[in-house]
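Please look at the sequence and the model shown here, and then read the report below alongside them.

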Amino acid sequence: MPNLITISSVALLFGILLDWQHGSLNMVLMSLGIISEPINWLNNPTTAQLSVSLILTWMWFGHSFIVVMAGVSGISRDYYEAALIDGANR
């Protein structure tokens, strides 16, 4: 259930941000003068692939970080001591 809620809330958030007619991202880019007309982010294959990749990276970064940190913190101090004796550095 938590994964479904996460996916649906992220989809809603980025649906609003990437809307090609009234999306927040297009409005900000147009007000800064970077683009002159709205971009349909999810219709062009290149921008759609980039958008989906960035969204998924952003969405799962926290979970992956916690898993990696738990694994790193679970390494025994004996391995660090053995590496130091063998001449390893940082």
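## Aromatic pairs and helix packing

Phe61 and Phe65 are four residues apart, about one turn of the helix, and both lie in helix α3, where helices are DSSP runs of H or I with at least four residues, numbered from the N terminus. This is a predicted model, in which local features need pLDDT of at least 70 and side-chain atom pairs count only at pLDDT 80 or more, while totals for chains, interfaces and linings use all residues. Residues are numbered from 1 along each chain as its sequence is written, and side-chain values use heavy atoms, with hydrogens and water left out.

The structure holds two aromatic pairs, and rings of Phe, Tyr and Trp (its six-membered ring) pair if their centres lie within 6.5 Å, with planes under 30 degrees apart counted as stacked, over 60 as edge-to-face and the rest as tilted. The table sets out both pairs.

| Pair | Distance between ring centres | Angle between planes | Type |
|---|---|---|---|
| Phe14 and Trp58 | 5.4 Å | 75 degrees | edge-to-face |
| Phe61 and Phe65 | 6.0 Å | 20 degrees | stacked |

Phe61, with a relative accessible area of 55%, is exposed, whereas Phe65, at 46%, counts as partly exposed.

Helix α1 (residues 2–17) and helix α3 (residues 45–73) pack at an angle of about 135 degrees, with their axes 11 Å apart; the axes are lines fitted to C-alpha atoms, for helices over the stretch in contact, and angles run from 0 to 180 degrees between N-to-C directions. The two helices, α1 and α3, are therefore oblique to each other, because angles under 35 degrees count as roughly parallel, over 145 as roughly antiparallel, 65 to 115 as roughly perpendicular and the rest as oblique. In this packing, Asn3, Thr6, Ile7, Val10, Leu13 and Phe14 in α1 meet Ile55, Trp58, Met59 and Trp60 in α3, where contact means heavy atoms within 4.5 Å.

Elsewhere, Tyr80 lies in helix α4 (residues 77–85) and is partly exposed, with a relative accessible area of 43%. Not counting residues up to four places away in sequence, Tyr80 touches Val72 and Ile75.

How values were computed
Buried < 20%, exposed > 50% of the residue type's maximum accessible area, 1.4 Å probe, protein only.
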